[in-house]
Amino acid sequence: MDIVKRILLYLLAAFFLVLMGYPFIFVLFTSFKTPMEYMVNVWAFPKTIAFENYEKVLQPYFLRYFLNSIIASSSTVAIVILIASMASYAFARMRFRWSNILFIVFVAGMMIPVHTTLIPIYVLINRIGLFDTLPGLIGPYTSFSLPVAIFIMTGFFKEVPRELEEAALMDGCSHWIIFRKIMFPLSTPAIATVGIYNFLHTWNEFIYALVLINSPSRKTLPLGIREFYGMESVNIPGVITALLVGSLPVLLFYFLAQERVINGLVSGAVKG
Amino acid sequence: MIKKNKLRYLGTVFFFLAPAFFVYFLFNVYGVAMTFYYSTLKWTGIGTSMQPIGIQNFLRLLNDPMIWHSLKNNLILVIVSISVQLPLGLTLALLLNSKIRGTKFLRTVYFMPMLLSTVATGILWSLFYDPNFGLLNFFLERVGLASLKSGWLGSEKTAMTAVLITICWQYTPLYMILMKAGLTNIPEELYESARIDGATGGKSFWYITLPLMADTIKISAVLSLVGSLKYFDLTYVMTGGGPNGATELMATYMYKKGFVEFNMGYGSAIAAFMFLVALLITSIVQYSTRRRSS
């Protein structure tokens, strides 16, 4: 009885392993195939390891998408961490009128479907002259990331024991010094969660980039991959290689720091 | 003196809050407010004149069969997400929690779909569904079911299902991790005492696991609900809402009206409608589940 149950569990595990994992093996194999080889047999093992797809993808214009995505995501994350932790400090540690209401106004942002602001933001970014620029993307990305970030960080700050700061306050330290020298350094776990969640989100963000960016030289990776798909749609191995190369940084990061990535993604999503 | 100190204190509060507030109001709050304002205009887009037309866009919306069709697709997405992704996520979590070998490796692989961007997932699955060189048709031919071969995304009958399968593939890992965290919180002693009382696997699942997972399941359902109502990326990449509107969602329809047909006024009305629907449904769910749990 127990043996049967065990075998069933292994079978189930194997089934899901194929379902979730096979697409990645398929992507890896296909990236080494020529288009001809792919059409003859879609799922065969590649006969030779051909790098021509990689040569085709790793061109200056594709690397440009990479660079743009890195700029957009890391700037967003840096700004979000700075201004969200400042606001969270005020919410967690300072007393002022309307602090609860203001906090709710921020957190309500998590329930709002951000797509409803697409048209006004497109108009606004055009009017302030940031259409088709990376700063024009970073602004909205920062704004959309704030509710979750403030929610997570305020929660974390409230858990930090007050003794350290009280001593510092007695010594006449300003709130800014307490924030910078005590709170911020103590909150690396929350910062990591917020940072990873927001980085992956902006890295993969699509609809706002689609509307706010036009020139090929300013496109981020999701737009770039889609453009590559449009141009090379008959060259399936080429497209697959572009997908793989574009996803590689996130996958590598995942293999290096799996716990952190899973925690960041999941706790960000739950709170968001 | 006291007043001066108080002012200084408020100045500090302002200093800490102002940057976040400025950005948040500039985009989120302004965006939502302007969506409602634009929805009362006859307006084709930047550089053209705006005509206030009151609620005419909304009257048109109520008589637009496409918006109801997209709402229906959104609701199908909600139902499928909750009824497929959550149970699958729970199954995977139970698997990871069971006493088989290699659960660490299994978790690593099972989570991977969450890491791909939606654009990458959409293109990859479009290639799987490709009528000529897709993996799915190739597989059907090899196992002798060539008669079932189809252009999955090109047919009105199968497009929605094909997209739904992809969405489930992408998001199930999220619920797996949530459910796994919920399972970890159930004390092992409960199962032990149940075993002593003679409760078998199925019974202890119904009477211990499920009730104690209620909170996790609720959070997952709300998450899935909010996500499904605003869904855009994957349908846009895989089908663009087609064929013939078969996979049209509220968000893709709004995009089409605003940015393809350049009807920003009507597009904003759709966005406002989306906002209200999301608000209504989430409040109902939040309210009813809160009352039940208290």
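This is a predicted model: local features need pLDDT of at least 70, side-chain atom pairs count only at pLDDT 80 or more; totals for chains, interfaces and linings use all residues.
Local features require pLDDT of at least 70 and side-chain atom pairs count only at pLDDT 80 or more, whereas totals for chains, interfaces and linings use all residues. Residues are numbered from 1 along each chain as its sequence is written, and chains are lettered from A and ligands numbered from 1 in the order in which they are written.

**View 1. Overall form of chain B.** Chain B has 13 helices and two strands; these are DSSP runs numbered from the N terminus (helices H or I, at least four residues; strands E, at least two). Its radius of gyration is 24 Å, well over the 19 Å that the globule rule gives for 294 residues, so chain B is more spread out than a compact globule. The radius is taken over C-alpha atoms, and the rule is 2.2 Å times the number of residues to the power 0.38. Along the principal axes, the C-alpha atoms of chain B fill a box of roughly 75 × 70 × 35 Å. Of the 294 residues of chain B, 40% count as buried; a residue is buried if 20 or more other C-beta atoms, placed from the backbone, lie within 10 Å of its own, exposed if 12 or fewer, and partly exposed in between.

**View 2. The contact of chain B with chain A.** Chain B contributes 65 residues and chain A 69 residues, two residues being in contact if their C-beta atoms, placed from the backbone, lie within 7 Å. On the side of chain B that touches chain A, helix α1 (residues 2-38) of chain B gives the most, with 18 residues. By class, that side of chain B comprises 51 nonpolar, 12 polar and two charged residues. Nonpolar here covers Ala, Val, Leu, Ile, Met, Phe, Trp, Tyr, Cys and Pro, charged covers Asp, Glu, Lys and Arg, and the others, Gly among them, are polar.

**View 3. Surroundings of B:I270.** This residue lies in helix α13 (residues 264-293) of chain B and counts as buried because it has 29 C-beta neighbours inside 10 Å. Residues up to four places away in sequence aside, B:I270 touches B:L61, B:I67, B:M250, B:Y253, B:M254 and B:K257. B:S39 is 231 residues from B:I270 in sequence, yet their C-alpha atoms are 8.0 Å apart. B:I270 is also among the residues with the most contacts inside the largest nonpolar core, which has 148 residues. Such a core is a set of buried Ala, Val, Leu, Ile, Met, Phe, Trp, Tyr and Cys residues joined through C-beta atoms within 7 Å.

**View 4. Packing of helices α5 and α7 of chain A.** Helix α5 (residues 99-108) and helix α7 (residues 134-159) of chain A pack at an angle of about 130 degrees, with their axes 7 Å apart. That makes α5(A) oblique to α7(A). Axes are lines fitted to C-alpha atoms, for helices over the stretch in contact, and angles run from 0 to 180 degrees between N-to-C directions; under 35 degrees is roughly parallel, over 145 roughly antiparallel, 65 to 115 roughly perpendicular and the rest oblique. Contributing residues are A:F103, A:F106 and A:V107 of α5(A), together with A:L146, A:P147, A:I150, A:F151 and A:T154 of α7(A).

**View 5. The loop residue A:W98.** A:W98 lies in the loop between α4 (60-93) and α5 of chain A. Although not a glycine, A:W98 has a positive phi of about 70 degrees. It counts as exposed, with 9 C-beta neighbours inside 10 Å.
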